[in-house]
Protein chains: 2
Amino acid sequence: MAVRVDLNISLDGFATTTDQTPESPFGEDWPRLVGAYAATRTFRERVFKDTSGAGTTGLDDHYARAYFAGIGAEIMGAGMFGLHNFPDDPDWQGWWGDEPPFHYPVFVLTHRRRGSIEMADGTSFHFIETSIEDALERATAVANGKDVRIGGGPSVARAYLKAGLVDQLHVAIAPILLGQGIRLWDELRGFEAGYTVTSETAESGTIHLTYKR
Amino acid sequence: MAVRVDLNISLDGFATTTDQTPESPFGEDWPRLVGAYAATRTFRERVFKDTSGAGTTGLDDHYARAYFAGIGAEIMGAGMFGLHNFPDDPDWQGWWGDEPPFHYPVFVLTHRRRGSIEMADGTSFHFIETSIEDALERATAVANGKDVRIGGGPSVARAYLKAGLVDQLHVAIAPILLGQGIRLWDELRGFEAGYTVTSETAESGTIHLTYKR
């Protein structure tokens, strides 16, 4: 059982985009940051429910498969679930739609009390107000010996990285400069100690870098 | 003729180290940041005057050879030359010793008036107080049709990158997190537009990333 983080970042270390507008709700930067990942066959199958077999099958897809493999539970921040977007709507069930790609329990860190949500396909969302350590204990307890993923956003991921709780960090680095957003790397001086690092470049130009304990 | 920048940076984008002490004048971070480059056969020959043939000969050495090839003039900041370190010593001739590795004219951007220094092996240092554009014109004029390198430090390099004056940027990214120092990437949002990017990973773990116009 390992604790894993897996994020898309820009070359200048930003894991979020900032150019959302009403006309372009994800922003123009979003496809540039995650486009290579979203273009993979695995992502299209798992997230878009596209079973046509379309999508890239190279190194990016290799990492996309690894992203979804072997995870038994996940922890994410309130923003990644979507709680910040419609905070006054108690029926809002987040960004992930009727068929979330997780198929395991997801713990959402939030100060807002909400009942759990059980989906048909094995995904459940549990809203908890607790420390990152306790959240990890709870996720580990229900992961059936599989890995626990810290899904994001970058502030939550960084908190776990900083606390030394992460066994494997994979970043897919898009060779673009966003110049603004939330930095993944802040306050992580010396993080690499105790990890083995590997990297390789995909056909898309994405650099896949992995720190493994 | 192209304008080139070639820098060693950490994964979190720092091109300088900050942990210098009297006991460790380069700091412990320095060999971690530039060690793979300094270990190459080319660097050892060119900078350390080690003609024994020792040093690595893989991908890092390929980039080290490219670093020195085809340059006809260079521009650097006062800090890279060494002016900040002994500002009151008019005889201080910088970090580069009696046999600097350049073998071409080097323009040092500074507000301090100093006479030029001519070395025996083709290297000359010229101290100029001017705009980055004018410095580039002057360097281009004496480069004999060869490339002009913006040597650094990172603030000078970033000024040229930001002004759109650079045709080729190569960064050797060490997979370490320094957490502090001077960031290369600040205020470069969208820099990649108009460039083709390539990247590959050396045996040392260094990621070589090149933006080329």
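1. Is Thr42(A) buried or exposed? Thr42(A) is buried, at a relative accessible area of 12%. Buried here means under 20% relative accessible area, exposed over 50%, and partly exposed in between (1.4 Å probe, protein chains only).

2. A note on the basis. This is a predicted model, in which local features need pLDDT of at least 70, side-chain atom pairs count only at pLDDT 80 or more, and totals for chains, interfaces and linings use all residues. Residues are numbered from 1 along each chain as its sequence is written, chains are lettered from A in the order in which they are written, and side-chain values use heavy atoms, with hydrogens and water left out.

3. Surroundings of Thr42(A). Thr42(A) sits in helix H2 (residues 41-46) of chain A. Helices are DSSP runs (H or I, at least four residues), strands likewise (E, at least two), both numbered from the N terminus. Leaving out residues up to four places away in sequence, Thr42(A) touches Asp61(A), Ala64(A), Arg65(A) and Phe68(A). Contact means heavy atoms within 4.5 Å. With Asp61(A) there is a polar contact, side chain to side chain, at 2.8 Å. A polar contact is a pair of N or O atoms within 3.5 Å; within protein, one must be able to donate a hydrogen and the other to accept it, and residues adjacent in sequence count only if both atoms are side-chain atoms.

4. Chain A as a whole. Chain A has 6 helices and 9 strands. Its C-alpha atoms fill a box of roughly 45 × 45 × 35 Å along the principal axes. Of its 213 residues, 52% are buried. Among contacts in chain A with a separation of 6 or more, 64% join residues 24 or more positions apart.

5. The interface. In chain A, 28 residues are in contact with 28 residues of chain B. The two chains bury about 2300 Å² between them, 53% of it on carbon and sulfur atoms. Buried area is the accessible area (1.4 Å probe) that two parts lose on being put together, summed over both. On the chain A side, Leu11(A), Leu177(A) and Arg189(A) lose the most area to chain B, together 31% of what that side buries.

6. A salt bridge puts a side-chain nitrogen of Lys or Arg within 4 Å of a carboxyl oxygen of Asp or Glu. Arg32(A) and Glu192(B) form a salt bridge at 2.1 Å, N to O.
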